[in-house]
Amino acid sequence: MNIFLAGIIQGSLVEAAIHRQDWREPIKAALAGVAGAEVYCHYSRHPNSITYDLPEIRATLAEGNRLAGQCDVLIAYVPSASMGTAIEMHEARRGGAVVLAVTPLTVNWVIRAYSDRIFPDIAALTQFLASDEFTALVAERRAR
């Protein structure tokens, strides 16, 4: 099961900076208990992407979008609006993936339209990942 971690990096910051990325490790830890899970984290692969020049930015975005479109499950961490995460959610949904969002943005159209489940926090997501409901959701999506 290929799982893509998507989430806010730059968000709406106007300077060349990134949001805290400390949310990634607790989600990876929760996924360690999921049988057969292979986790891809685009930020971990490109931790210095804030320094990339335009050709490398375009290539990195294209790579992330392609991988999001090929995953079985996408987990989106969206504490505030994130254009890149929205594109990855779209691509994952278009590719038939299960999309799980951790966000307070429960009335946001992109979140609502592309998510199979929305969680208020990482603890709620962790509980779901350990449940039979998660396994059944993935199995149902694969059967389609």
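This is a predicted model: local features need pLDDT of at least 70, side-chain atom pairs count only at pLDDT 80 or more; totals for chains, interfaces and linings use all residues.

Colleague: Why is T103 called buried?

Modeller: Buried means under 20% relative accessible area. T103 has 2% relative accessibility, so T103 counts as buried. T103 sits in the loop between β4 and α5 (109-114).

Colleague: What is T103 in contact with, leaving aside its neighbours within four places in sequence?

Modeller: T103 is in contact with V78, I111, I118, F119 and P120, with neighbours within four places in sequence left aside. T103 and P79 are 5.1 Å apart in space, C-alpha to C-alpha, and 24 residues apart in sequence.

Colleague: L105 also lies in the loop between β4 and α5. Why does L105 count as partly exposed?

Modeller: Partly exposed is the range between the buried cut-off, under 20%, and the exposed one, over 50%. L105 has 24% relative accessibility, so L105 counts as partly exposed. Beyond its neighbours within four places in sequence, L105 is in contact with V78, S80, A81 and I111. L105 and F119 are 14 residues apart in sequence and, C-alpha to C-alpha, 9.9 Å apart in space.

Colleague: Which residues of helix α1 are buried, and what puts them on the same side?

Modeller: R24, I27, A30 and L31 are the buried residues of α1, which spans residues 24-31. Around the axis they cover an arc of only 130 degrees, and therefore lie on the same side of α1. E25 and A29 are exposed on the other side of α1. The buried residues pack against β1 (2-7), β2 (38-41), α2 (42-45), β3 (73-77) and α6 (122-129).

Colleague: How do you know that the buried residues of α6 line one face of the helix?

Modeller: The buried residues of α6 are I122, L125, F128 and L129. Seen down the axis of α6, they fall within an arc of 120 degrees, so they line one face of the helix. The face turned away from that buried side carries the exposed residues A123 and Q127. Among the elements that cover the buried residues of α6 are α1, β3, β4, β5 (117-119) and α7.

Colleague: What makes a set of residues a nonpolar core, and how many residues has the largest one?

Modeller: A set counts as a nonpolar core because its residues are buried, belong to the listed nonpolar types and are joined through side-chain atoms within 4.5 Å. The largest nonpolar core has 22 residues, and I75, L100 and L129 have the most contacts inside it. At least two residues of this core come from each of β1, α1, β3, β4 (98-102), α6 and α7 (132-143). α6 gives the most, with four residues.

Colleague: Which residues does I75 touch, not counting those up to four places away in sequence?

Modeller: I75 touches I3, F4, L5, A6, I27, L31, L100, L125 and L129, with residues up to four places away in sequence not counted. Another core, of 14 residues, lies apart from the largest one, and L74, M89, A92 and A101 are among its residues.

Colleague: At what angle do α3 and α4 pack, and which residues make the contact?

Modeller: Helix α3 (residues 54-70) and helix α4 (residues 83-94) pack at about 35 degrees, with their axes 6 Å apart. The contact is made by N65, A68 and G69 of α3 and by I87, E88, E91 and A92 of α4. By class, this contact has three nonpolar, two polar and two charged residues. The crossing of α3 and α4 is right-handed.

Note on methods: Residues are numbered from 1 along each chain as its sequence is written. Side-chain values use heavy atoms; hydrogens and water are left out. Buried means under 20% relative accessible area, exposed over 50%, partly exposed in between (1.4 Å probe, protein chains only). The arc is that of the directions from the helix axis to the C-beta atoms. Contact means heavy atoms within 4.5 Å. Axes are lines fitted to C-alpha atoms, for helices over the stretch in contact, and angles run from 0 to 180 degrees between N-to-C directions. A crossing is left-handed if the near helix is turned anticlockwise from the far one by less than a right angle, and right-handed if clockwise. Ala, Val, Leu, Ile, Met, Phe, Trp, Tyr, Cys and Pro count as nonpolar, Asp, Glu, Lys and Arg as charged, and the others, Gly among them, as polar.
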